[in-house]
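Hi,

Here is the structure for you to open. My notes on it follow below.

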Amino acid sequence: MADYEIPETHEFPIIPSIMEGAMAHSTPFVAGEEFQSDMGFPFTEETGQLIDGWKEKFLELMKEKLSKYRSLQVFMDICVKCGACTDKCHYFIGTSDPKNMPVARQDLLRKVYRRYFTFAGKYFPKLVGAIDLTEDVIKDMYSYYHQCSECRRCAVFCPFGIDTAEVTMAARDMLAMIGMGQKYSNQIIPKVHKIGNNLGLPEPALVDTLEGLEEEVEEDIEVKVRFPLDEKGAEILLVTPSADFFAEPHIDGLIGYAKVFHAAGVTWTMSSKASEAANFGLFIGNYEHMREISLRIRDAAKDLGVRRIIFGECGHAWRVAYNHLNTLAGPWDFLDQNYPIPQHILEFTKDCLDRDILNIDKSENDHMTLTFHDSCNIARASRIGDTPGSQFTTPRQVIQAVCNNYHDMAADTIHDATFCCGGGGGLLTDDLMELRIKGAQPRMESLKNVVADHGVTHMAAICAICKSQFTKVLPYYGMTMDQIVSVHQLVSNAIILEGQGEEAGDSDDADEAA
Amino acid sequence: MSALSILYVILFYVAMITLVAGITNKVLQYKRVPAPLKIAVTPAPLTKTGVVYRFFTEVVLFNSLFRATKWTWIFGFMFHASLLLAFFRHLRYVISPDSFIWPLVNNMVVQSFGHYAGFAMLVGLGGLFARRIFVDRVRYISSASDYLMLLLIMGIAFSGLMMSYVSHTDIVQLKAFVMGLFLFDWQNLPSDTVLLVHLTMVLFLAMIFPVSKLLHAPGLFMSPTRYQIDNPREKRHLSPWGAELEAKDGRNA
């Protein structure tokens with residue numbers, strides 16, 4: 001573990017006093033020529049330099065954005081600086097840097113907007129805090145728009161629903177277009193376009209991985225549970241984050257989906273072409289890339305002739321799937337209209353539980369006391385289930401259907417007031433480790449409190465990024481990386497498939513206890 | 001007619017035209033710009049009626065602000081509620097007693113509470129001003145215009161109270177002046193200093209409305225995170241430029 005200053009956690013949350021410039025040094029690697037060109041973005045000879053005529057280009061792009069996104073245009077105008085959002089961002093709470101207050105983050109762009117696009121800013125810049133667009137301003141934007149995980153917690157509390165994520169996305173896209181793209185996201189997206197997933201796992205490797213998984217599960221429970229890939233004519237296409245293929249605890253979630261499908265007796269398949277649920281086009285605010293990534297799923301669904309699409313556990317992927325898939329890759333008239341398009345794996349599992357077709361032994365999870373981390377994009381930017389807020393109840397109902405011991409974290413840190421894990425929105429990269437650790441402070445604080453007060457041992461999540469982020473940061477807060485689990489891992493533990501030996505289940509239990 | 005009255009007649013028309021044209025222009029701009037993606041902050045309503053209810057809780061009760069910070073809510077709510085009362089109370093200078101909306105103005109609530117609304121308004125604004133100075137986070141995000149806006153409205157409230165309690169103006173003549181503006185039959189304006197200060201500040205506020213953060217009033221209703229219905233899976237949402245993109249490559253066919 002590298003050496004970082006770990007923020008303190010408290011019994012009750014404390015709003016820090018501001019410390020100007022505390023995180024001014026935090027900047028992710030800039031995408032070089034290779035990745036910028038793969039993305040169709042401009043680049044310069046030396047990475048991190050701005051293209052010729054960057055200023056005019058930036059203002060031109062801004063004008064275009066303002067005419068294409070109502071959110072941006074309205075949000076630039078209507079903020080009254082009431083301060084409601086100032087203490088709501090996990091990055092502000094964890095770093096004390098005032099530019100991590102949502103309104104201050106928006107102001108990085110708003111000050112420029114006022115200077116060049118409003119009467120007051122053109123003629124009375126000092127009065128309204130309008131500033132000229134300079135290279136320093138761009139550097140500041142690059143730094144602080146990459147200290148926002150687009151989690152929308154601020155938007156919940158804003159009296160006008162101003163969503164900083166919209167501003168961050170617009171800013172990142174404009175920055176990329178003047179040569180300041182972020183390396184992490186711009187390295188990943190071309191892999192999805194070319195190979196099909198964020199990891200760049202080609203089809204043969206995927207086949208290999210899934211075969212290995214099949215053997216492993218069979219060894220474990222003596223039932224052949226299939227992990228089909230590219231099987232034409234299957235009823236369901238499962239689109240899941242590629243981390244599910246190899247990372248812990250993600251992979252245990254994938255095993256869980258497979259077991260549920262097996263028990264439900266449906267035919268399903270994954271696709272090597274759409275072997276990724278994540279859509280980093282959202283993070284970088286680029287409609288075209290987001291659409292391109294979404295269209296892969298349309299193509300895969302058509303090629304394989306499936307009737308339904310189900311998404312695995314992934315937060316922002318579900319945001320894009322739930323809210324945007326219909327817009328970007330629809331209409332979905334060739335799929336079975338009797339099911340939601342797309343459907344979340346939890347909706348599928350919950351339905352199976354409601355119909356009582358799964359054989360569940362809750363005691364298999366008795367060695368754990370669970371809590372649930374609401375992933376930001378699911379809590380505030382989507383729905384799982386039929387009613388407003390069912391994105392909070394559905395995962396909890398599933399967890400409580402397969403576990404005996406459960407306790408929620410503090411009320412002001414869950415549901416739509418949930419804190420981001422600290423690694424969302426395209427920040428899950430090693431070059432932002434300090435930010436990720438500090439940004440996790442509010443979530444770690446509420447987790448530690450239920451660990452201390454209610455004996456919680458594990459936190460379940462339904463997002464690949466949350467799972468990876470917590471695996472990495474839990475040790476910095478004195479906990480262990482295996483304390484983060486997948487919700488479908490819990491399902492997997494508790495589900496007893498037909499033909500599964502009693503002993504098999506027990507030995508699995510013994511393994512985990514050991 | 002006095003030169004002063006002529007000046008204020010002109011000022012009134014300029015201010016009202018600026019206000020109405022400015023806001024109309026801004027709202028039309030917001031309407032013109034499409035919202036390409038569904039971005040409702042969830043949990044969000046599933047129906048139009050639900051959206052109306054959501055706005056009711058936001059516009060009337062300041063629900064989100066209440067969840068965010070109690071102090072700002074108290075002061076903000078106090079100010080806006082007083083503003084509404086004061087607005088209704090002022091209507092009696094604008095409409096005649098035989099108008100059908102007269103009962104809306106000439107009722108107990110407006111005329112009794114409204115009489116004191118100015119004090120509540122000052123307390124609310126004072127609280128908001130104090131917050132801006134004393135809370136380090138709010139101080140950091142405030143620019144000169146944020147303080148001046150509060151001072152301007154405080155000035156309006158204060159001069160209004162002065163006329164109610166200290167130095168009365170010729171209210172009958174004032175009403176004649178205002179009615180004259182509507183009927184294009186211009187009358188003299190009483191020349192009391194306090195009244196002139198009050199009116200000047202109000203007219204200035206009206207003029208800067210469309211170029212200032214006061215746009216939050218109409219803008220609130222144009223905020224996609226709040227007005228959108230949560231039905232993206234049931235109903236396909238597509239912007240004109242999104243549709244153009246589709247038509248170009250035909251990949252959604």
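**Notes on the model**

Buried residues make up 57% of the 514 residues in chain A. Buried means that 20 or more other C-beta atoms, placed from the backbone, lie within 10 Å of the residue's own; exposed means 12 or fewer, and partly exposed is in between. This is a predicted model: local features need pLDDT of at least 70, side-chain atom pairs count only at pLDDT 80 or more, and totals for chains, interfaces and linings use all residues. Residues are numbered from 1 along each chain as its sequence is written, while chains are lettered from A and ligands numbered from 1 in the order in which they are written.

Confidence next. The predictor gives the complex an ipTM of 0.96 and a pTM of 0.96. Chain B has a mean pLDDT of 95, with 100% of its residues at 70 or more. (pLDDT is the predictor's confidence in each residue, from 0 to 100.)

Now overall shape. The C-alpha trace of chain A spans about 75 × 50 × 40 Å along its principal axes. Chain A has 23 helices and seven strands. These are DSSP runs, numbered from the N terminus: helices are H or I, at least four residues, and strands are E, at least two.

Chain A is assigned two domains, domain 1 (33-181) and domain 2 (190-513). The bounds come from an automatic or database domain assignment. Their C-alpha centres lie 32 Å apart. The contact between them takes 22 residues from domain 1 and 21 residues from domain 2. Contact means C-beta atoms, placed from the backbone, within 7 Å. On the domain 1 side, the elements giving two or more residues are α1 (33-38), α4 (90-95), α9 (153-157) and α10 of chain A.

Helix α8 (residues 135-144) of chain A has buried residues Ile138(A), Met141(A), Tyr142(A) and Tyr144(A). The buried residues of α8(A) pack against α5 (102-117) and α10 (164-176) of chain A.

Chain A also holds an open sheet of four strands, in the order β2-β1-β3-β4, with parallel pairing. β2 (268-269) and β4 (343-344) of chain A are at the edges, each with a single partner strand, so one side of each has no neighbour in the sheet. Two bridges join β3 (residues 308-311) of chain A to β4(A); pairing requires at least two bridges found by DSSP. Phe311(A) stands opposite His344(A) in β4(A).

Last, the chain contact. Chain A gives 61 residues and chain B gives 58 residues.

Best wishes

How values were computed
Two residues are in contact if their C-beta atoms, placed from the backbone, lie within 7 Å.
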